[in-house]
Amino acid sequence: MQLSEQELVRREKLKALRGMGIDPYPAALYPVDQTSTSIKKDFEEGKKVIIAGRLMSRRIQGKASFAELQDADGRIQVYFNRDEICTGEDKTKYNEIYKKLLDIGDFIGVEGELFKTQVGEKTVLVKDFKILSKTLKPLPQPRTDADGKIHDAFSDPELRYRQRYVDLIVNPSVKDVFVKRTKLFNAMREFFNTKGYFEVETPILQPIPGGASARPFITHHNALDIPLYLRIANELYLKRLIVGGFDGVYEFSKNFRNEGMDRTHNPEFTAMEIYVAYKDYNWMMEFTENLVEHCAIAVNGTTNATFGKHEIDFKTPYARVTMTDSIKHFTGFDITNKTEDEIREAAKGMGIAVDETMGKGKLIDEIFGEKCEGNYIQPTFITDYPKEMSPLCKEHRDNPELTERFELMVCGKEIANAYSELNDPIDQRARFEEQLQLSEKGDDEAMFIDQDFLRALEYGMPPTSGMGIGMDRLIMYLTNNQSIQEVLFFPQMRPEKKPLDLNDNEKAIFDVIKLQKEMVIEDLKAASQLSNKGWDKGIKGLSKLKLVKVTKMEEQVVVELAE
């Protein structure tokens with residue numbers, strides 16, 4: 001492991017502390033009795049306090065120093081004075097330990113008294129301090145100049161997501177997002193629990209991945225010698241509990257789908273699903289809008305939220321539009337009573353990419369997604385989906401071609417999906433078999449047949465309405481974050497590339513070619529400013545490492561940066 005100069009210095013300081021008999025990683029409890037927030041809220045001049053946190057800044061001026069300590073609540077100013085800390089002749093604790101052996105980022109505990117500075121800032125006068133954890137890597141130190149411009153910000157998204165622990169330390173607004181995320185979950189739980197619904201847990205490892213149309217992750221259970229699937233949805237298990245006699249159950253579930261990643265999709269995500277007996281999708285629509293309004297107020301104190309350039313109002317009631325009317329409005333095409341081939345040809349005419357593996361439901365979904373979805377900015381219920389799109393949903397009571405289903409759209413994306421649940425076991429079996437035919441045509445997102453779920457339905461499930469909410473997407477809207485990675489502590493990332501260990505010759509060439517991507521070999525050689533011997537060694541080394549490709553193109557030899 002190659003260490004930077006600062007990391008080497010910090011290890012020397014660690015060694016020096018241990019040489020002085022100081023344990024830089026003590027095990028004993030540190031008796032914290034205040035936080036930065038409680039000090040400011042209940043400030044009393046002269047009050048004795050014990051706090052702990054990271055040393056985030058300091059200004060040493062001889063025998064005195066102002067510094068900032070950061071704890072879980074925020075920051076508080078602390079004042080170190082040599083003669084307050086070292087009351088006897090020995091000034092080592094201030095002169096050596098504080099001034100020379102402490103670094104920004106170190107955890108320390110502080111005992112002191114409260115006072116206000118001449119400018120009125122609430123401050124802790126340090127009487128004693130203790131090292132609680134020595135940091136071996138330097139923190140990024142963003143700073144704001146007199147004009148409000150931020151320098152040295154820790155802002156690269158890839159670094160922030162990979163090193164969320166650093167992101168949380170140096171970018172306080174990031175922590176606020178996750179505090180609001182927890183408020184959202186708490187508000188939703190409160191809403192359900194007040195109504196008497198029961199929070200449950202269902203399996204993540206499942207013998208059949210059901211409840212949604214999605215490609216699953218597959219693993220293998222060695223002892224049972226069977227394949228198992230990571231949950232794509234918890235719907236079928238929650239319905240089993242309704243069969244078993246619960247009137248209302250809900251679950252916050254980690255779901256996994258082996259599909260693409262983008263700004264609104266992560267392969268691991270959090271959904272909430274709730275099922276309530278003796279209800280239908282009309283009741284669930286009103287329930288959902290009241291729930292979302294309640295959550296918006298709990299998170300932000302208002303029903304209004306900003307998302308990019310849009311101002312959203314989550315106040316009830318929300319508009320209701322049927323899918324058929326939506327497609328007709330935005331495309332002029334009426335999907336009513338149309339065959340699969342007619343819908344496929346219509347989609348092609350709209351410039352939508354389709355193929356022969358797509359059934360009627362998926363074709364309609366593509367049309368709606370491409371031509372309609374993005375137009376719904378304010379919360380809007382899209383209702384009455386074609387039967388082919390909803391294999392777990394009850395047939396519409398007024399039109400056998402449709403189902404009793406709605407999705408709640410906000411800013412062009414779905415955040416909630418709900419049904420009058422299909423509880424006819426014969427109809428459900430037929431729907432599953434249609435999905436099996438789609439799978440045989442090549443649709444790798446078609447549903448599996450879950451024989452045990454069908455058996456459960458044969459024991460009888462009462463009329464039920466179910467609803468699911470994408471929790472990650474909802475908190476994106478409530479915190480004005482355009483990317484799902486911003487609201488997940490640890491989003492999925494591509495494998496981290498190992499740092500290149502290049503010699504001086506290789507580095508001189510690589511620094512030039514990585515900017516240009518492709519260069520004529522003579523131009524690259526001249527730009528690298530190496531001797532003939534150095535050039536030969538460098539280009540051979542980079543080729544061996546497969547970082548560059550040397551190819552002959554007509555009259556010239558070209559060096560390309562490898563993919």
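Biologist: How many residues line the second largest pocket, and which lie nearest its centre?
Modeller: The lining has 20 residues, with Lys137, Pro138, Gln163, Tyr165 and Val166 nearest the centre. This is a predicted model, in which local features need pLDDT of at least 70, side-chain atom pairs count only at pLDDT 80 or more, and totals for chains, interfaces and linings use all residues. Residues are numbered from 1 along each chain as its sequence is written, and side-chain values use heavy atoms, without hydrogens or water.

Biologist: What makes a set of grid points a pocket, and what makes a residue part of the lining?
Modeller: The grid has 1 Å spacing and covers the protein atoms alone. A pocket is an open set of points with protein on both sides within 12 Å along at least five of seven lines; in a cavity, a 1.4 Å probe fits but cannot get out. A lining residue has an atom within 4 Å of a point.

Biologist: What is the volume of the second largest pocket?
Modeller: About 570 Å³. That is the space filled by probe spheres set on the points, which are joined across faces, edges and corners.

Biologist: How do the lining residues divide into nonpolar, polar and charged?
Modeller: There are 12 nonpolar, three polar and five charged. Ala, Val, Leu, Ile, Met, Phe, Trp, Tyr, Cys and Pro count as nonpolar; Asp, Glu, Lys and Arg as charged; the others, Gly among them, as polar.

Biologist: Which helix gives the most to that lining, and which domains supply at least three residues each?
Modeller: Helix α6 (residues 164–170) gives the most, with three residues. Domain 1 (5–139) and domain 2 (144–170) each supply at least three. Helices (H or I, at least four residues) and strands (E, at least two) are DSSP runs, numbered from the N terminus. Domain bounds come from an automatic or database assignment. The centres of domain 1 and domain 2 are 24 Å apart, taken over C-alpha atoms. The assignment also gives domain 3 (174–309 + 418–435 + 451–486) and domain 4 (504–561).

Biologist: How many helices and strands are in the protein chain, and why is it called more spread out than a compact globule?
Modeller: The chain has 18 helices and 23 strands. Its radius of gyration is 31 Å, well over the 24 Å from the globule rule for 563 residues, so the chain is more spread out than a compact globule. The radius is taken over C-alpha atoms, and the rule is 2.2 Å times the number of residues to the power 0.38. Along its principal axes, the C-alpha trace spans about 90 × 80 × 55 Å.

Biologist: Why is phenylalanine 192 called buried?
Modeller: Buried means under 20% relative accessible area, exposed over 50%, partly exposed in between (1.4 Å probe, protein chains only). Phenylalanine 192 has 0%, so it is buried. It sits in helix α7 (residues 172–194). Leaving out neighbours within four places in sequence, phenylalanine 192 contacts (heavy atoms within 4.5 Å) Tyr197, Tyr250, Met272, Ile274, Phe287 and Leu291.

Biologist: What makes lysine 360 buried or exposed?
Modeller: Its relative accessible area is 16%, so lysine 360 counts as buried. Lysine 360 belongs to helix α12 (residues 360–371). Beyond four places in sequence, lysine 360 touches Lys338, Glu340, Ile343, Glu388 and Glu401.

Biologist: How do you know the class of lysine 497 and of asparagine 480?
Modeller: Lysine 497 has 76%, so it is exposed. Asparagine 480 has 36%, so it is partly exposed. Lysine 497 lies in the loop between α15 (471–479) and α16 (504–516). Asparagine 480 also lies between α15 and α16. Asparagine 480 touches Thr306, Phe307 and Gly308, residues up to four places away not counted.

Biologist: Which is the peptide bond from threonine 316 to proline 317, cis or trans?
Modeller: It is cis, with omega near -5°. Proline 317 lies in the loop between β15 (310–313) and β16 (319–322).
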